[in-house]
Amino acid sequence: MLNRITVVGAGNVGATTAQRLAEKELARQIVLVDVIDGVPQGKGLDLWESAPIEGFDSRLVGTNDYAATENSDIVVITAGIARKPGMSRDDLLNTNAGIVKQVSEHVKRSSPNAIVIVVSNPLDVMSWVAMKTTGFPRERVIGMAGVLDTARFRSFIAEALDVSVRDIQAMVLGGHGDTMVPLLSYTSVSGIPVTQLLDKAKLDAIVQRTRGGGGEIVKFLKTGSAYYAPSSAAVQMCEAIAFDQKRILPCAAWLQGEYGHEGIFLGVPCKLGRSGLEQILQVTLTDEERSALAKSADAVREPMAAVSL
Ligand code: APR
């Protein structure tokens, strides 16, 4: 069990993340931080009061003050505004860049050794804002997107085949947007290539639904964006780090030449352990996948260039 995990942003994603972290007892203390007076305190207390029923000993604390977050082992950044219908993730760019920058300055001062997991959107650009502002090495700034996109992809495949989600292995790479790259060549059902079980038209439809997976939820909710699956994904990354699991998960990592790209965050297969990002795995891609990844990288570079830090 880690000593302390901080979740910044006590909104939908942040509060649900804190709940899942506590129920899995990933740290002795889970600190929820927000700028709104009373919200992190109220949600933190409410969650803590569920502990006797759920049977967890992680202590939840809500605060507006980073003093309570000192020396966190992991900081999950969910602060920012969420999408409304008709908005793309890039529409959040400048507002969230300012917020993530401010949060990262606090994290740098109060938890200089933390591993930062970025959830705020547009994800790949916000991960860069966090890395640049904290000055932390790439091993300690990781973006949450691929685990979520892959979970959506896996759930749609399981639904189409009427099989357990547990038996779907898959990997979605690239940026967290419409250009993400679900790797059909590495998607299997208990080792059986998915292309043997679903025809091209069905697979294409699933790929498209995965790309628009976040938007599908926004359209239903109307007042905000997804948070159950995003919080599950962030917590799976925390778990891999807390227990030094060396899990291979698709995460947004700062590329230094891997897959032919550098100077951007992009979703790639990562090994996560107690030191954070321990390795980027470079797998062989088909020509189609490689060019889709290049297109996705361009889609990340463009909003990045629009942010001045
Ligand atoms: N410091 C801390 N918290 C902040 C700050 C800040 N500087 N600015 C805003 N917040 C808080 C808000 O007060 C709010 O409570 O961030 C919270 C965001 O919560 P929601 O509006 O419910 O948004 P949520 O659905 O949780 O999404 C948060 O995660 O998935 C992404 O695209 C999503 O960027 C969005 C983020």
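Predicted model: local features only at pLDDT ≥ 70, side-chain atom pairs only at ≥ 80, totals over all residues.

Student: How many residues surround the ligand, and which are the closest?
Tutor: The shell divides into 11 nonpolar, 9 polar and 1 charged. The shell around the ligand counts 21 residues. The closest are Asn12, Val13, Asp34, Gln102 and Asn121.

Student: Which helix gives the most to the shell around the ligand?
Tutor: Helix 1 (12–23) and helix 4 (93–110) each supply at least two residues. The top contributor gives 4 residues. That is helix 4.

Student: How far is a polar side-chain atom of Asn121 from an oxygen atom of the ligand?
Tutor: Asn121 is among the closest residues to the ligand. A polar contact is a pair of N or O atoms within 3.5 Å. For the side chain of Asn121 and a ligand oxygen atom, the distance is 2.9 Å.

Student: How much of the ligand's accessible area does the protein cover?
Tutor: On its own, the ligand has 730 Å² of accessible area.

Student: What is the volume of the largest pocket?
Tutor: The ligand takes the space of this pocket. Its lining has 44 residues, with Thr78, Ala79, Gly80, Ile81 and Ala82 nearest the centre. The volume is about 860 Å³.

Student: Which helix supplies the largest share of the lining of the largest pocket?
Tutor: Helix 1, helix 2 (39–48), helix 4, helix 6 (146–161) and helix 8 (213–221) each supply at least two lining residues. The lining divides into 21 nonpolar, 17 polar and 6 charged. The largest share is 5 residues, and it comes from helix 4.

Student: Which two residues does a cis peptide bond join?
Tutor: Most peptide bonds are trans. Here omega is about -5 degrees. The second residue lies in the loop between strand 5 (115–118) and helix 5 (123–134). The pair is Asn121 and Pro122.

Student: What is the phi of Glu25?
Tutor: Glu25 lies in the loop between helix 1 and strand 2 (27–33). Most residues other than glycine have a negative phi. Glu25 has a positive one, near 50 degrees.

Terms used:
Residues numbered from 1 in each chain as written. Heavy atoms only, no water. Near = heavy atom within 4 Å. Polar contact = N/O pair within 3.5 Å; in protein donor to acceptor, adjacent residues only side chain to side chain. Areas by Shrake-Rupley, 256 points an atom, 1.4 Å probe, with all protein chains shown as cover. 1 Å grid on protein atoms, 1.4 Å probe; cavity = no way out; pocket = protein on both sides within 12 Å on 5 of 7 lines; lining within 4 Å. Sits in = over half its atoms within 2 Å of the grid points. Nonpolar A, V, L, I, M, F, W, Y, C, P; charged D, E, K, R; others polar. Points joined across faces, edges and corners; volume = space filled by probe spheres on them.
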